[in-house]
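Here are some friendly notes to read alongside the model. Take the points one at a time and keep the viewer open as you go.

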Amino acid sequence: MLEISHVTKRYHNLLAVNDISLQLRQGEVIGLLGPNGAGKTTLFKLIAGLLFPDSGMVLTNSKEWPMIGYKPERLLFPGSMRVGQYLSMVANLANLPKSQMESTIRLSLEQVNLSYAAEKRIKDCSKGMRQRLGLAQSMIGNPPLLLLDEPSNGLDPEGQAEICRQIKSLHEQGKTIILASHQLHEVTQVCTHLVILNNGSIHYENSMKDALAERPHSTITCNRSVEPLRLLLENLHPDIDVGETSVVLNYEAILLRPRVIGILLASGYDIVRVEQRRVSLAEIYAEAVQ
Amino acid sequence: MNQRILTLTAYLFRSLLFSLAGLLYILVALAFYLVLFEPRQHTPDVDYYFLVLGIFGLALSFLATLSVSSRANKAEQFPLLVRLPSRVEYLTAAMLASILFAFLLQIGIALLAKFVNGPVLDIQQVLVILPVWLAIDILFVVLALHATDLVALGWSRVYIYGALGFLLYLQNGNALIRDWLAGMFRDLGASMLGRGLDGLSAIAYDLSSWLSTTGANLINQIFGLVFWPFSAITNAAVSGSFTLSQALAPAIILLYATGLFILAATLFSKKDLFLTE
């Protein structure tokens, strides 16, 4: 759908985005993670055409530039307008025919649980309601590409779950979505791809499935220090890490688990716990941004 | 496209009308009416009515554009901007909203000044006055766009207003520029003479003396041409009717406005949008 090719963007002396290349395929949900100031919002604005890259290009493979629904991070709306009135304006800009306008607005309000506030002035809406309004306006006109900058920021857990459900539903409809978020559980739940930015560069990129399947490891915890067996265990396989009271078997070294347990038991150790797990998104993120 | 432009025009127009700035403009317009068309004074002449309200309209157009553009330059418009296939649609809407606000207020005050002890206007005069006012309003709206953060790109407003100031300066026939140019050619002639370039030196001396005498007037006239439409309209208003050539003046003003709008659209399309929060 879109290709970001070696895009660089500077704000005076600050390198906001540094030589980023990314492919956006139809139907993908890309989770964009990164600390504040990593370049997420700048990347969004470059994709949305609000900023121009200093070098590199944002290209589309279709004849026309796809219609974009954008939910900015900051919840800024014309406060004097009513919720329904604002959505009606967005519907007009999305070129919706008059006959479809009312039903589209009603549907988008229902989708974000905001039907009750259609007549409310935006300045009287809570942060959560504005967050929902931001999502509702981005969906109007059925844009094939959605840029959602922290859509669940400031929502209660129920609201966050609702936003997750909504994004999943949009994904099922075949929409391409880029989701910037600090909510790692949300990204894990809804994204098909993961991109971690730091200091304007991509530090990690993978499909979510592969990212979470990465580095499976098994941890064997003993009742006392395993230091005396360090040399013996580490010589078994280079992917075995020996800690104070635990032995971690990474990747293929997991296959050696029965043998390691046998050695520990034979050496008089009691096995307190054996854990089999994969790396978490939080660990991937922490490693990427370090 | 029309639907999008009309929607944005209505939105920007409403945002100015129902704001403090909008209320202020309406109050200023009423004050202007009370001061310059005081109902208890004698009936104003048609030329006074035409020119004073014309100047009021251009000033209002300029100010209204600054206000509309500052609203259009807010970060809350990002979701709207990404919906547009072309940024020019947004700029067109900002321009139309400004024209609409200024022209409607100008017409409102004009009607008040007309019907409360105002001059008698026949239909022909009305048909002349309105397009002239509108043309001038449009030009000043477009000119004001170049002064705003919404459109200005780098030093563009300095260049545009600098060029305008330079043209105004030249058309006033200022002796300083004339003398400076004449002096420059005289020095050039002396320098060429020193290098043995007698022919070229003579040309430079001739140019210098021409500039000191008849040439200066010609230069003033050339630069004065740029501002001819305004003097033509003023002369026509004072004389009470437009000659054939004077009738072209509003069209030429619209031509200037078109050129300036194309420039504004080019700048706006090429710039990074750092809208204010």
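How many residues does the contact take from chain A and from chain B? Point 2 has the answer, after some ground rules.

1. Ground rules. This is a predicted model, in which local features need pLDDT of at least 70 and side-chain atom pairs count only at pLDDT 80 or more, while totals for chains, interfaces and linings use all residues. Residues are numbered from 1 along each chain as its sequence is written, and chains are lettered from A and ligands numbered from 1 in the order in which they are written.

2. Where the chains meet. The contact takes 21 residues from chain A and 18 residues from chain B; two residues are in contact if their C-beta atoms, placed from the backbone, lie within 7 Å. On the side of chain A that touches chain B, β5 (68–71), α2 (83–93) and α4 (127–139) each supply at least two residues. Helix α2(A) gives the most to that side, with four residues. Helices (H or I, at least four residues) and strands (E, at least two) are DSSP runs, numbered from the N terminus.

3. A closer look at α2(A). Eight of the 11 residues of this helix are buried, including Tyr86(A), Met89(A) and Asn92(A). A residue is buried if 20 or more other C-beta atoms lie within 10 Å of its own, exposed if 12 or fewer, and partly exposed in between, with C-beta atoms placed from the backbone. The buried residues of α2(A) pack against α3 (98–111) and α4 of chain A, and also against α1 (2–17) and α4 (78–81) of chain B. Just after α2(A), Asn95(A) has a positive phi of about 65°.

4. Chain B as a whole. Chain B has 11 helices and zero strands. Its radius of gyration is 23 Å, well over the 19 Å that the globule rule gives for 277 residues, so chain B is more spread out than a compact globule. That radius is taken over C-alpha atoms, and the rule is 2.2 Å times the number of residues to the power 0.38. Of the 277 residues of chain B, 32% count as buried.

5. Domains of chain B. Chain B is divided into domain 1 (2–151 + 262–270) and domain 2 (169–226), with bounds from an automatic or database domain assignment. Taken over C-alpha atoms, the centres of these two domains are 43 Å apart.

6. A sheet in chain A. Four strands form an open sheet in the order β11-β12-β10-β13 (chain A), with antiparallel pairing; two strands pair if DSSP finds at least two bridges between them. The edge strands, each pairing on one side only, are β11 (240–242) and β13 (271–277) of chain A. Strand β10 (residues 217–222) of chain A is joined to β13(A) by six bridges, and Thr219(A) stands opposite Glu275(A) in β13(A).

7. The nonpolar core. Which residues touch the most other members of the largest nonpolar core? Of its 130 residues, they are Leu147(A), Leu179(A), Leu12(B), Ala94(B), Ala97(B) and Val142(B). Such a core is a set of buried Ala, Val, Leu, Ile, Met, Phe, Trp, Tyr and Cys residues joined through C-beta atoms within 7 Å. Helix α5 (residues 87–115) of chain B provides the largest share of this core, 16 residues. Apart from it lies another core, of nine residues, among them Cys222(A) and Val260(A).
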